[in-house]
Amino acid sequence: MPHSPKALLDNYEILPKKSLGQNFMHDPNALDKIVASAELSPDDTVVEVGAGTGALTDILADAARQVFSIEVDERLRPMLEERFEDYVNVYLVFDDILKTNVSALVGATDYIVVANAPYYISSAILWRLLESAKPPRRIVMTMQYEVAERIIGAPGAMNLLSIAIQYYGRPRIVGRFGPAVFWPRPNIDSAIVRIDTHEAPPVNVPSRELFFRMVKAGFSMKRKQLKNSLSGGLQIRSSVIRDLLRAAEIDPQRRAETLSLAEWARLTRMVAEAEVAL
């Protein structure tokens, strides 16, 4: 069987679909770097998002006890089933990761996610995994480098996604590579991001739901001052929001991207203690 993604796909008369954001990684060093970043042990269960041509699946299968490899493109089924027919620890799942019940898939065991999925759904995948009933112990994902930089951002460059990811885990950029490691070549640089999930949130909040409601309201009009974006997002009088911000020692004229995780948590506690009707 051919090894390059182009030769493999040509062999099965499959063309990459732009609508699925398909760019297949083929560089051995890049693939090895992804697996090394996951720090797998022979006892680990891995959920791979985006089997593609199976190049990464192959390496994961050698490193872990079992691999559940999720692929949305049914056209790749014959190729993948042929490639892994003799692997006793690889389970191919042809489904959309945004609809897959990963917790049911892995059962009681904890698991690590390794994802080389289309970049346009990176954020949606992270939200689904981190907010699931049984989040992974670790996520290693390739994504657009600029998105990775925002995820690890400090106050001043925060967004809703970076706040969410830092609430659930500790993100780090552990690798970077150019377009040449993919076929077809994208027009962007890529990063490997590793997220080690927290056993408990790093900040004290009365409820996760209220915390994220506050954050989402704050970023609902991100170019506006906090007192205005929160007032509009939560449908609360501006004067009430101003007083709550001051009680939380946050300048009402600041913007959402400047707040730290701790400041969002402090504001959430103030709102809960004030028993503001939301």
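**A walk through the predicted model**

The side chain of Gln235 places a polar atom 2.7 Å from the backbone oxygen of Gly232. Gln235 is found in the loop that lies between helix 10 (226-234) and helix 11 (238-247). With a relative accessible area of 70%, Gln235 is exposed, because the term applies to values over 50%. Gln235 and Ala217 are 18 residues apart along the chain, and their C-alpha atoms are separated by 9.4 Å.

Asn89 lies in the loop between helix 4 (77-83) and strand 4 (90-94). Its relative accessible area is 13%, and Asn89 is therefore buried. The side chain of Asn89 has a polar atom 2.9 Å from the backbone oxygen of Ala61, and this side chain also reaches the backbone oxygen of Ala64, at 3.3 Å. When neighbours within four places in sequence are left aside, the residues in contact with Asn89 are Ala61, Ala64, Arg65, Gln66 and Val67.

Attention now turns to helix 2, which spans residues 28-38. At the start of this helix, a side-chain oxygen of Asp27 comes to within 3.0 Å of the backbone nitrogen of Asn29. Just after helix 2, Glu39 takes a positive phi of about 50°. Between these points, the buried residues of the helix are Ala30, Leu31, Ile34, Val35, Ser37 and Ala38. They cover an arc of only 160° around the axis, and so they are on the same side of helix 2. The face turned away from the buried side of helix 2 carries the exposed residues Pro28, Asn29 and Ala36. The buried residues of helix 2 are covered by elements that include strand 1 (24-25), helix 3 (55-63), strand 5 (112-115), strand 6 (138-144), strand 7 (169-177) and strand 9 (190-197).

The aromatic residues form the next topic. A pair of aromatic rings is described by the distance of the centres and the angle of the planes. A search of the whole structure finds 11 aromatic pairs. One of them joins Tyr167 and Tyr168: the ring centres are 5.1 Å apart and the planes stand at 90°, so this pair is edge-to-face. Both of these tyrosines, Tyr167 and Tyr168, are buried. Tyr167 also pairs with Phe211; here the centres are 5.0 Å apart and the planes are at 20°, so the pair is stacked.

The accessibility of the two partners can be stated in numbers. Tyr167 counts as buried at 5% relative accessibility, and Phe211 is buried with a relative accessible area of 0%. Tyr167, Tyr168 and Phe211 belong to one aromatic cluster, which they form with Trp127 and Phe212.

Arg176 lies over the face of Tyr145, at 3.8 Å from the ring centre.

Definitions and conventions:
Residues numbered from 1 in each chain as written. Predicted model: local features only at pLDDT ≥ 70, side-chain atom pairs only at ≥ 80, totals over all residues. Heavy atoms only, no water. Phe/Tyr/Trp six-rings, centres within 6.5 Å; stacked < 30°, edge-to-face > 60°. Buried < 20%, exposed > 50% of the residue type's maximum accessible area, 1.4 Å probe, protein only. Lys NZ or Arg CZ within 6 Å of the ring centre and 35° of its normal. Helix = DSSP H or I, 4+ residues; strand = E, 2+ residues; numbered from the N terminus. Arc of directions from axis to C-beta. Contact = heavy atoms within 4.5 Å. Polar contact = N/O pair within 3.5 Å; in protein donor to acceptor, adjacent residues only side chain to side chain.
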